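Hi everyone, thanks for coming. Have a look at the sequence and the structure on the screen, and I'll walk you through a few spots.

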Amino acid sequence: DGKAVKLDSHKATALLITLAFTTHSHPREALINLLWPDYDPDRGHTNLRHCLYLLRKALPGDWLQSDREAIRLNPAAEIWLDVDQFHTYLNQCLGHGHAAREVCPACVPLLTTAIGLYRGEFLSGFGLEDSLEFDDWQLIHTETLRREFAEVLERLVRYYGGEGSFETAIEHARRWLALDRLNEEVHCQLMRLYAWSGQLSAAIRQYQECAHL
């Protein structure tokens, strides 16, 4: 309802993240193993019940569905997730009749909107000190989303470069490079784009930056 949800518990926040990111039913045992891996089962169940209490208090209404075995977010609730929307835009491009890594004019607005949703690493600044399992789960999704984001940027760089829109291609390439400064492919692509657009000194500087790194 236009209001930020505040949770004082990191574990309750992590529980909400897990339920939101994968909307299927989660067995209680699996959630306990993810969030409290080193706790005995009784304490883990107690902690999970407490986190559910905190979530229901912070999210009044029919947002959560739970029974003795599993927990999920209500699939009928109106939940909008940037990660889901990001993948929706990418998947829509798959129906355009070309190879997955190709870009047609109809793809461009979809991919441009998709990268606008990527404003930082997945759960940047968030973590659990006492759960390596959750940290591993977070790292896997962080790397997956970063790779997908890089692939979209690469596709847009190739598209705009081929269309002669060099400044737009360079803008996307610089964002692509920021993900991995040691990626020689991006440095080479930037050198080409600078050269093709007549910015020879910028192309040389890009080479020098790559060599220095």
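Let me start with what I mean by a helix: it is a DSSP run of H or I that is at least four residues long, and helices are numbered from the N terminus. With that in hand, Lys-11 belongs to helix α1, which covers residues 10–21. Please keep in mind that this is a predicted model.

So, is Lys-11 buried or exposed? Lys-11 has a relative accessible area of 12%, and because the cut-off for buried is under 20%, Lys-11 counts as buried. What sits around Lys-11? Leaving out neighbours within four places in sequence, Lys-11 is in contact with Leu-35, Trp-36, Cys-51, Leu-128 and Asp-130. With Leu-35 there is a further detail: a polar atom of the Lys-11 side chain lies 2.9 Å from the backbone oxygen of Leu-35.

Leu-35 also takes us to the next stop, the largest nonpolar core. This core has 59 residues, and the members that touch the most others are Leu-15, Leu-19, Leu-35, Leu-111, Phe-134 and Trp-137. Helix α6, residues 132–163, supplies the largest share of the core, with 11 residues. As a general remark, nonpolar side chains in soluble globular proteins tend to be buried together.

Let's look at Trp-137 for a moment. Not counting residues up to four places away in sequence, Trp-137 touches Ile-17, Thr-18, Phe-21, Leu-34, Phe-122 and Leu-123.

Now for a pair of helices. Helix α2, residues 28–35, packs against α3 at an angle of about 95°, and their axes are 10 Å apart. An angle from 65 to 115 degrees counts as roughly perpendicular, so that is how α2 sits relative to α3. Which residues make the contact? From α2 we have Arg-28, Glu-29 and Ile-32, and from α3 we have Gly-44, His-45, Leu-48, Arg-49 and Leu-52. By class, that contact has three nonpolar, two polar and three charged residues.

Leu-52 is part of helix α3, residues 41–58, and is buried, with a relative accessible area of 3%. Apart from residues up to four places away in sequence, Leu-52 touches Leu-15, Arg-28, Leu-64 and Ile-71. Leu-52 and Ser-66 are 14 residues apart in sequence, and their C-alpha atoms are 9.2 Å apart in space.

Last stop: helix α5, residues 107–117. The buried residues of α5 are Cys-107, Val-108, Leu-110, Leu-111, Ala-114, Ile-115 and Leu-117. Among the elements covering them are α4, α6 and α7.

That's my tour, thank you!

Methods:
Residues are numbered from 1 along each chain as its sequence is written. This is a predicted model: local features need pLDDT of at least 70, side-chain atom pairs count only at pLDDT 80 or more; totals for chains, interfaces and linings use all residues. Side-chain values use heavy atoms; hydrogens and water are left out. A nonpolar core is a set of buried Ala, Val, Leu, Ile, Met, Phe, Trp, Tyr and Cys residues joined through side-chain atoms within 4.5 Å. Buried means under 20% relative accessible area, exposed over 50%, partly exposed in between (1.4 Å probe, protein chains only). Helices (H or I, at least four residues) and strands (E, at least two) are DSSP runs, numbered from the N terminus. Contact means heavy atoms within 4.5 Å. Axes are lines fitted to C-alpha atoms, for helices over the stretch in contact, and angles run from 0 to 180 degrees between N-to-C directions. Angles under 35 degrees count as roughly parallel, over 145 as roughly antiparallel, 65 to 115 as roughly perpendicular and the rest as oblique. Ala, Val, Leu, Ile, Met, Phe, Trp, Tyr, Cys and Pro count as nonpolar, Asp, Glu, Lys and Arg as charged, and the others, Gly among them, as polar. A polar contact is a pair of N or O atoms within 3.5 Å; within protein, one must be able to donate a hydrogen and the other to accept it, and residues adjacent in sequence count only if both atoms are side-chain atoms.
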